[in-house]
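Reader: I am new to this structure and would like a close look at a single part of it. Please start with the setting and then go through that part in order.

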Amino acid sequence: MSEKRVKVVKLNVINEPKDSYTGGKSSLCPGCGHDQISNVIVTAAWDNGLQPHRIAKMSGIGCSSKTPAYYLGKSHGFNTVHGRMPSVTTGANVVNKDLTYIGVSGDGDSASIGIGQLIHAIRRNVNMVYVVENNGVYGLTKGQYSATADVGSKKKKGPVNETQPIDLCAMAINLGCSFVARSFSGSKKQLTALMKAAISHKGFALIDIISPCVTFNNNDESLRSYGYVKDNQAELHSVGYIPHFSPLEQVEVPAGSYTDVTLHDGSTMRLETISEDHDISDAVAALSALHKADADKKHVTGILYFDGEKPSLDVDLDLHDTPLVEMGEDLLRPSPEQLEDVIAALRG
Amino acid sequence: MDQVVNDFTINIATANGTGSQSANLILLQTLFDMGIPVSGKNLFPSNISGLPTWYIVRLSEKGYQAPGDRTHIQILVNPATWEEDLASLEPGTVVIWNMDSKMPMEREDVISYPVPMTKIARKLNPKLARMIANVVYVGVLAELLGMDQEVLEAAISKQFGGKAKAIELNGEAARLGRAYFAEELTKSDNYAVESREIEEGGFFIEGNEAIALGSVFGGIQMLGWYPITPSSSVAEGIISWLPKLRTHEGKATYAVIQAEDELAAAGMIIGAGWAGARGLTATSGPGISLMQEFIGLAYFAEVPCVFWDVNRVGPSTGLPTRTQQGDLTMVYESSHGDTKHIVFIPGTVEECFEFGWKVFDASEKYQTPVFGFSDLDLGMNKWACRGFEYPDESIDRGKVVLTQEQMDSIENYGRYRDVDGDGIPYRTLPGSGLDPILYRGTGHDEDGTYSEKPDVYYKLMQRLGRKIDGARDYLPAPIIKEDEEQELGVIFYGSMENTIDEIEDIVEENSGKKISTCRIRALPLHSEVEAFMEKHDKIIVVEINRDAQLYGIMRKEYPLHLLSKMLSVAYSDGMPPRGRLYAERILEVLEEAEI
């Protein structure tokens with residue numbers, strides 16, 4: 001009897017194979033940075049042991065916002081309208097606070113049409129991961145500059161951009177955003193650790209990811225091309241993530257200096273020093289890191305700012321522990337006696 | 001000279017921010033508590049302090065609620081509009097005026113009662129003189145008309161609910177006003193009030209507050225809103241009642257967010273609806289304009305959500321504190337592309353409450369945005385109310401699949417597949433793990449997958465059309481009052497309910513014609529509306545706008561033989577509808593049509 005070949009399927013902590021987290025086939029341009037980010041979302045959700053159906057994937061409009069179709073096929077999602085994903089996510093979040101909300105948007109969504117909604121979602125500290133797939137151009141409408149295009153950068157066609165960009169991380173830090181990170185779609189290891197940490201964080205977690213547009217903005221004169229970002233990335237630290245279900249003491253201790261940050265679900269974000277320490281609780285240090293990188297025409301990556309104490313919106317609203325969507329008529333409709341009391345009060 | 005009892009109009013001209021609203025409400029409450037049919041209209045500016053405000057109190061034995069055609073008693077307090085107000089009065093009008101305003105009283109043909117309102121108030125309390133002066137004119141009116149002092153004092157107590165100092169001060173101001181008239185002036189007019197049998201249990205309430213209460217009893221779970229006149233008091237009403245009525249184990253069973261703008265408010269309630277909750281926003285025309293894109297998304301992706309539009313005068317910023325039925329076409333066909341929406345149109349405060357809870361059931365049943373359509377007149381004026389009836393139906397969450405067992409019982413499930421043939425598909429909720437899809441505003445097939453195929457798009461749009469069309473007879477039926485002759489039928493809606501009786505009477509007095517009436521309470525139009533049109537020889541559609549919006553909708557939807565019967569009276573000047581203005585236009589239209 002010949003031996004049957006047994007395919008070993010690797011399972012995560014909740015015994016799900018990675019296939020449970022994948023989605024449909026991408027229709028983006030081959031080599032698009034966004035597809036790498038989709039893969040990172042799949043890996044992070046799988047590694048963190050999230051139940052696929054307890055995730056909600058949200059997006060706006062644009063190339064980036066099409067991607068929820070390409071990952072987490074077992075999760076409900078909502079591809080909303082241009083720049084308005086934050087408000088839709090806010091409404092969903094407060095009525096069902098127990099889901100994990102992962103919003104994906106682009107620089108058109110987040111820095112132009114929807115900048116107001118992004119600002120107010122940060123201000124309210126909505127418990128969600130907010131990913132910006134930031135390439136400096138509008139892809140779906142064929143390559144116009146966006147509001148994050150760097151000064152002096154030149155896309156494939158057209159003049160050099162002379163307009164001052166909006167730095168979404170600097171903006172978020174100034175707004176008191178509770179988790180602000182920048183990464184690069186080509187830095188899989190760093191990005192995966194940041195994504196996992198953002199999922200474990202309770203509050204608004206912004207990850208601004210430079211994700212080169214291979215079709216319209218990947219030429220050598222662009223400050224957001226693969227080549228340029230690869231050569232000009234300034235890492236604040238090396239980011240590691242230790243999930244709450246892995247005992248910390250079993251993880252190898254780094255040789256150099258490092259800082260451990262405990263996240264809301266008990267997981268740990270381990271930041272290993274590369275050249276000098278960056279204090280993630282210091283907003284001014286984060287801003288100066290951004291300004292310094294900007295002056296040097298570099299892209300600073302890593303976790304810029306973190307505040308684990310700020311209450312999220314659902315806490316501010318003093319919501320009942322049972323998510324609102326799970327409540328029945330007994331809790332939603334006051335009784336006939338209560339109506340009588342109301343009318344008596346109105347009669348005065 | 002015969003006495004005119006309980007049948008006249010008082011116009012009070014003041015400036016806003018001076019406390020006159022309290023005085024006017026005391027007057028209204030006193031008359032109401034004497035059992036006199038009375039209504040009050042607040043004509044206020046878009047301003048916080050110092051601009052002209054008028055309050056119209058109409059007493060009518062016939063129960064007419066509209067502002068009257070003319071003023072019988074004028075209170076003059078505001079120097080800014082003094083001359084204009086005075087010039088507009090008909091000879092013989094009673095004028096009670098503040099001597100301390102130093103304005104001239106140059107009309108000899110009116111009945112003049114000068115009162116040193118400010119002096120009286122200053123003696124009582126120099127600091128609050130400006131406020132109290134308003135209650136002085138209430139006291140003067142009480143003496144002039146023979147209002148019951150005990151009832152007046154009770155109304156003052158009610159107005160200042162529990163604040164002993166304010167009650168005492170204002171009570172004294174009213175007494176001094178009364179005493180001044182009795183001692184210093186002689187009554188030379190023929191207006192008087194008399195108590196009538198009191199209908200027990202009545203109270204005053206604004207339409208907006210009734211909507212707010214209806215929403216709370218409708219199980220609202222998420223309120224996303226942005227302040228705008230005249231709708232803010234809907235949201236504020238909900239916010240004030242929720243903690244009292246919807247707290248469980250000390251925690252909220254609801255979420256309220258004041259959004260950054262109307263777009264975000266719409267997004268939030270759509271997010272809530274998508275997640276499986278009852279979301280509501282309240283706004284006015286300019287807000288709906290801003291929400292259009294989102295409304296289309298909710299229609300196309302089939303997400304329940306509720307929008308209340310408390311109409312003000314458009315276009316643009318328009319007259320923000322005046323009333324109109326100017327948004328009907330906009331809400332019915334809101335957003336780009338082919339859309340059609342369910343619209344509830346209350347005409348009374350009782351219906352504001354009833355539709356307040358019904359809109360949620362309709363929205364979840366049909367998985368679509370549902371509109372409530374009110375206006376500033378109904379929403380922000382106080383109306384007499386007998387009470388609210390507790391919902392007579394359980395909450396209807398519509399076709400939501402909650403378990404795998406349920407899912408298995410549905411043959412060939414697809415998020416957008418018309419399994420039952422009524423155009424309404426089944427849906428599952430995020431977090432359930434049941435047949436998840438990516439909701440989208442792009443074209444999609446019956447399983448929710450992106451599609452641009454011609455037949456897929458065509459079928460989807462036909463189904464959506466059929467779905468909304470199927471709601472016609474589920475929605476509130478029109479209120480029909482048929483005359484035997486069945487010659488002339490008047491179709492109207494919303495707050496016109498409060499003027500229609502007077503219009504009917506004036507038309508009959510002047511033409512001898514009795515009319516049938518049909519008050520529409522929802523869109524798309526109930527089948528009984530068409531039956532009403534079939535029965536009558538001529539139909540006049542009466543509404544408070546310029547472009548005859550309901551008339552236009554009807555012309556688009558009804559068969560040719562009905563169109564030839566249809567006539568239109570559409571008029572809007574920002575004021576609450578006055579009976580004579582509309583009646584005269586109906587008479588003109590009848591004459592032109594040679595009826």
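Author: Domain bounds here come from an automatic or database domain assignment. For chain B that assignment gives domain 1 (4-192), domain 2 (205-385), domain 3 (399-471) and domain 4 (479-592). The model is predicted: local features need pLDDT of at least 70, side-chain atom pairs count only at pLDDT 80 or more, and totals for chains, interfaces and linings use all residues. Residues are numbered from 1 along each chain as its sequence is written, and chains are lettered from A and ligands numbered from 1 in the order in which they are written.

Chain B holds 20 helices and 25 strands, which are DSSP runs numbered from the N terminus (helices H or I, at least four residues; strands E, at least two).

Which residues of α16(B) are buried? They are I500(B), E502(B), I503(B), E504(B) and V507(B); a buried residue has 20 or more other C-beta atoms within 10 Å of its own, with C-beta atoms placed from the backbone. Among what covers these buried residues are β21 (488-493), β22 (515-520) and α20 (579-592) of chain B. After α16(B) comes G512(B), with a positive phi near 75°.

Definitions and conventions: Buried ≥ 20, exposed ≤ 12 C-beta atoms within 10 Å, placed from the backbone. Contact = placed C-beta atoms within 7 Å.
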